[in-house]
Every structure is written in structure tokens, then in C-alpha cells.
Amino acid sequence: MEIGLTYSSKDPRQIQTRDFVRKFIKDRGILAHLVENEQPVKVLTISINGCCISDNVYIAAAGKRKVQFPTIDNIARALERNIWSL
């Protein structure tokens, strides 16, 4: 299994999420290849075997569309679902 992670090292929330994904893989003994891509992005993305599991969520804020950061709980659920489906 290949897990792709694109994140910004300048955003502490994205670093926290990156660390969570690393720990999640290690703690569960998942045989996965983690491919990290550090870029100046507003919202991190996670993919498993090329399929994005962290689609951007948009919320309306004062008439503008604003990107909402994916939560660690949502990411954990998506990883669990994909692990069990292998």
C-alpha cells in the first residue's frame, strides 16, 4: 500500500497531521510506503494507492468559499476504512 501526503511545513496543523499519519502507520504495523511531498499548500492532501481520501471541504464564510482543514478523526476513519478493505 502506498500512502501519499502533501503538506506545508510552515503550517503547524499540517505538521501535526503528518506526525499523526506516521504514528498511525507505525503503531498499527501497517506495511505501507509513505510518500511525503512538502509544498506550500493551504490544505494537506492524503491519498492511498493514488486515490485521494482527504477531499477539500468548503464552507461558506461571509459570501466567500473557504477551505476547511480535514480533521485528524476524519483522516483516521478514512485510513481505517482503506486498511480493512485491502
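Mentor: What follows considers the cysteines and then the chain around them. Please bear in mind that this is a predicted model. The structure holds zero disulfides. C51 takes part in no disulfide, and the cysteine sulfur nearest to that of C51 belongs to C52, 9.0 Å away. A disulfide is a covalent bond between the sulfur atoms of two cysteines. For a pair to count as a disulfide, the two sulfur atoms must lie within 2.5 Å. The sulfur of C52 has its closest cysteine sulfur in C51, at 9.0 Å, and is therefore too far away for a bond.

The surroundings of each residue may be considered next. C51 has a relative accessibility of 52% and so counts as exposed, whereas C52, at 39%, counts as partly exposed. As for the chain as a whole, buried residues make up 30% of its 86 residues.

Among contacts between residues at least 6 apart in sequence, 72% join residues at least 24 apart.

Finally, confidence deserves attention. The protein chain averages a pLDDT of 81, and 78% of the residues score at least 70. Confidence is highest in strand 2 (residues 33-38), at a mean of 94, and lowest in strand 5 (residues 57-61), at 49. Where pLDDT is low, the predicted coordinates should not be read in detail.

Technical notes
Residues numbered from 1 in each chain as written. Predicted model: local features only at pLDDT ≥ 70, side-chain atom pairs only at ≥ 80, totals over all residues. Heavy atoms only, no water. pLDDT = per-residue confidence, 0-100. Helix = DSSP H or I, 4+ residues; strand = E, 2+ residues; numbered from the N terminus. Buried < 20%, exposed > 50% of the residue type's maximum accessible area, 1.4 Å probe, protein only. Contact = heavy atoms within 4.5 Å.
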